[in-house]
Amino acid sequence: MSQLLQQAIAEQRTRLVDRLQTPLAQIASECAGPWPDRDKLEQILASRLAGIPRCRGLFLLDTSCVQLTNFVTVSGSSSSGVGRDCSMLPYINRVVPAVDFMLSEAYVSVRGQRPSLTAVQLVKDAGQKTLGFLCADFDLRELSVPGPVYRASMPWRQWKGDPAIRGLRFQQIRIESPIDRNIVAVVSGS
């Protein structure tokens, strides 16, 4: 991967972290009070989801990485997921309890089979004891981060065609099209 592309990815990730860290920390703080009451936690997640642009859904995990709440989306909460062991998910197995916020690397989601990214925020009680993890899922195709977009340089290339087609090139004839018959009107703009 080119140095320029790596730099562009790092800058986009920094912008995304800056945009997500504060709202997710606030939601995690609200979840600490009613922890582990699933109904109250899901109400908090549902009420705060709209404040995180382009977020596909929120859910909570306990410290054993077992899903504590349903996957809460703008259309409601999914009835699946509670009790699911998430310890082997690509973004959870890298979380270090000393880090309050982490943005995963890109991965293909198991649920939707789409390129995804997950932000993980630690949920701590008033005494700073870790209760679990708040996870926010994003579809990379829907995620836009303001700023410059990396553009790869595309050098000019010539591809040679099939020799059988090339050999017959001068035997081809042009067929008149409707635009050819009306070229005067097209060119004059009438």
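Contact means heavy atoms within 4.5 Å. Leaving aside neighbours within four places in sequence, Cys31 is in contact with Leu41, Ile44, Leu45, Leu60 and Val123. This is a predicted model: local features need pLDDT of at least 70, side-chain atom pairs count only at pLDDT 80 or more, and totals for chains, interfaces and linings use all residues. Residues are numbered from 1 along each chain as its sequence is written, and side-chain values use heavy atoms, with hydrogens and water left out.

**Cysteines**

Cys31 lies in helix α1 (residues 3-32). Helices (H or I, at least four residues) and strands (E, at least two) are DSSP runs, numbered from the N terminus. Cys31 is buried, at a relative accessible area of 0%. Buried means under 20% relative accessible area, exposed means over 50%, and partly exposed lies in between (1.4 Å probe, protein chains only). Gly132 is 101 residues from Cys31 in sequence, yet their C-alpha atoms are 9.9 Å apart in space.

A disulfide is a pair of cysteine sulfur atoms within 2.5 Å. The structure holds 0 of them. Cys65 is in no disulfide; its nearest cysteine sulfur, that of Cys86, is 7.5 Å away. Cys65 is also buried, at 11% relative accessibility.

**Salt bridges**

A salt bridge is a side-chain nitrogen of Lys or Arg within 4 Å of a carboxyl oxygen of Asp or Glu. The count comes to 7.

| Pair | N to O distance | Relative accessible area |
|---|---|---|
| Arg13 and Glu105 | 4.0 Å | Arg13 23%, Glu105 46% |
| Arg48 and Glu30 | 2.0 Å | Arg48 22%, Glu30 35% |
| Asp100 and Lys124 | 2.8 Å | Asp100 37%, Lys124 22% |

**A nonpolar patch**

Ile179, Ile183, Val184, Val186 and Val187 form a nonpolar patch on the surface, with about 490 Å² of accessible area together. Patches are made of residues with over 30% relative accessible area and no salt bridge; like charges are joined within 9 Å, nonpolar side chains (Val, Leu, Ile, Met, Phe, Trp, Tyr) within 5 Å. Accessible areas come from the Shrake-Rupley method with a 1.4 Å probe; for residues, only the protein chains shown count as cover. Helix α5 (residues 183-188) gives the largest share of the patch, 4 residues. Val186 is found in helix α5. Val186 counts as partly exposed, at 47% relative accessibility.
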